[in-house]
There are 2 protein chains.
Amino acid sequence: MLVEGKSYRTIEASSDLTRVTIIDQTALPFKFELIDLKSLEDVIQAIKIMQVRGAPLIGVTSAFGIALAMNNDSSDQSLLDAAFSLKESRPTAVNLAWAVNKMLEHLKPYDTNDRAKIAWLYANELAEDDIKTNIDIGRAGLPLLKQIKSSPLNILTHCNAGWLATIDNGTALSPIYQAFEEGIDIHVWVDETRPRNQGMSLTAWELTQAKIPHTIISDNTGGLLMQQNKVDCVIVGADRISIDGQVCNKIGTYLKALAAKAHNIPFYVAAPLSTIDNSFIGEKKSFEIECRHPDELLRIKGMNNDGTVSEVKIGMSTAYNPAFDLTPAEYITKIICEKGSYNPESIGTLL
Amino acid sequence: MLVEGKSYRTIEASSDLTRVTIIDQTALPFKFELIDLKSLEDVIQAIKIMQVRGAPLIGVTSAFGIALAMNNDSSDQSLLDAAFSLKESRPTAVNLAWAVNKMLEHLKPYDTNDRAKIAWLYANELAEDDIKTNIDIGRAGLPLLKQIKSSPLNILTHCNAGWLATIDNGTALSPIYQAFEEGIDIHVWVDETRPRNQGMSLTAWELTQAKIPHTIISDNTGGLLMQQNKVDCVIVGADRISIDGQVCNKIGTYLKALAAKAHNIPFYVAAPLSTIDNSFIGEKKSFEIECRHPDELLRIKGMNNDGTVSEVKIGMSTAYNPAFDLTPAEYITKIICEKGSYNPESIGTLL
């Protein structure tokens, strides 16, 4: 996508295959900053502190993490160690484990002398695949938007499932980008998405770059907007989807799904098939909800009047900060993936 | 209630009847600061910038505003002008208009020479009434808490309907304070309540002062907690209640009510009968939703590492900031008022 007129991806390998360049997403929306990751440790740190985030992006980033590890030591042990540490870095997004496993399977048969080069090739292939997948998700979602006859078409989204969450194009925002390109009169309600404010900081920034009309709202506001008939549909991404169509996504997604159901508003989840977790049956809730540091809630970064950015403390008590919730299939109108849009209950049959 | 061991009310008249002292609620939780309001204009400003807030408290504060105006000019015109400007200062909380109308009715028959003194007496009476009312709300709510057999009893609350929202004791928090005094093992989930963070800044501060166990959560978290059976009931306050039991309260209340209903969790609204708006029938939605400045969402105040407090900008796009939403009666288990707890649909019959 374009940033101030210039084309970027969220992650790109250097031509000499010694580093990857990422957009530091913790610096947005205040500053657009590229940083280089030069080792497996750099990659793990960037994933942990969320300089890269979004299920598809952390998948591909971890693939490049393996490539960086192979530059250094391409032994079987090094490969397994890298895979293990990467999987530990964020527990919820299944795409991370998916990408790491793809790399493992692909690299194992190769001689250690060839592994580094092959790893870079394959990580780049996963990145290219992600871009194609997201364009296909956009194509699959576009007809669902077109069938709503409102002008402007008011879409609510939670968190960031835009191009910043992927290599390019995004998942939930991909149909929105395609609709905007086709000249559809569109307006996006952007949930700020506490505590990390990915909506306010990332989605709003993306949509500003793309010149798509949008308005930031507090996460509390969606219910009122639905009461006032100001939301035509909801589209969100996903971090993990069970084979029976239950969706683990950013905390607060479930509250919006409940409200959409109460108001008979379509609720769409857009995600690549790699988000489906074969071993995860929703009703057993056999997934780990990542709990992050309370300071994410109690401290916040912002821009001072002089343009510098600093962090202030906003809360003084203890806090609890789980990062995801689970939306049962009955609240989801369709899951949009690269193969089309499906009833959530049948999503497992696509594997 | 006690602040660092010393007893306070949120507003107190000076003995010479020339000013009222309030707690500056915009300074909390960083600093406990008392300020004096010496004129009607001071009162209107304090209500507008929310140095005082909470439906019952702004009602009584506006009564003192009339008293201050009478000190200056006790003519009929001055009385009517003061009433008009006070009602304009915040549109949603019906208690404000209720208190102003009570003052108007009470003062009109008196000779202008007596009005100032009578105004102070009557405003003080309204303050005392508020305290008694809130104790009665606590008594009415307590049996509802006691009938839940969980230990600890996990209560979720949104915004601040504690003693800071009233003269003392609070509305939604009044049964919680009484339960705690009786030794019931209680824990409160405190919604931070974006955009103004009254939960994080005021409710958490109040509960800390009272030594009641509590945890701050993002407004997005309640749904997950209900999924995990970690919420036994929800109690919130109200800014306006229709005669058919629909509740206008802080934005986001409705999303929690939807979730409570889906999980079969009791959802209680605690408010004095003065919150009921005779002219407001919920289904007509004939109430004004106050929209406040977008900067309340896009800027935030916090404490720097050196202990100073400053405001930072956290969002860069346009924002929309409605302050309230409407929760239909069907989502409310009981409305708790000074007369007892009632099915919401029948609340209008109490008037």
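Modeller: Let's start with a term: contact means heavy atoms within 4.5 Å. This is a predicted model, where local features need pLDDT of at least 70, side-chain atom pairs count only at pLDDT 80 or more, and totals for chains, interfaces and linings use all residues. Residues are numbered from 1 along each chain as its sequence is written, chains are lettered from A in the order written, and side-chain values leave out hydrogens and water.

Biologist: How many residues does the contact take from chain A and chain B?

Modeller: With that cut-off, 62 residues come from chain A and 62 residues from chain B.

Biologist: What area do chain A and chain B bury between them?

Modeller: Buried area is the accessible area (1.4 Å probe) that two parts lose on being put together, summed over both. Here that comes to about 4600 Å², 60% of it on carbon and sulfur atoms. On the chain A side, A:Asn220, A:Leu255 and A:Tyr320 lose the most area, together 16% of what that side buries.

Biologist: What makes S3(A) and S4(A) a pair?

Modeller: Strands (E, at least two residues) are DSSP runs, and two of them pair if DSSP finds at least two bridges between them. Three bridges join S3(A) to S4(A), so they pair, running antiparallel. A:Ala13 stands opposite A:Val20 in S4(A).

Biologist: How do you know what span to expect of helix H5 of chain A?

Modeller: The expected span is 1.5 Å times one less than the number of residues. H5(A) has 35 residues, with 51 Å expected, and reaches 51 Å from first C-alpha to last.

Note on methods. Helix = DSSP H or I, 4+ residues; strand = E, 2+ residues; numbered from the N terminus.
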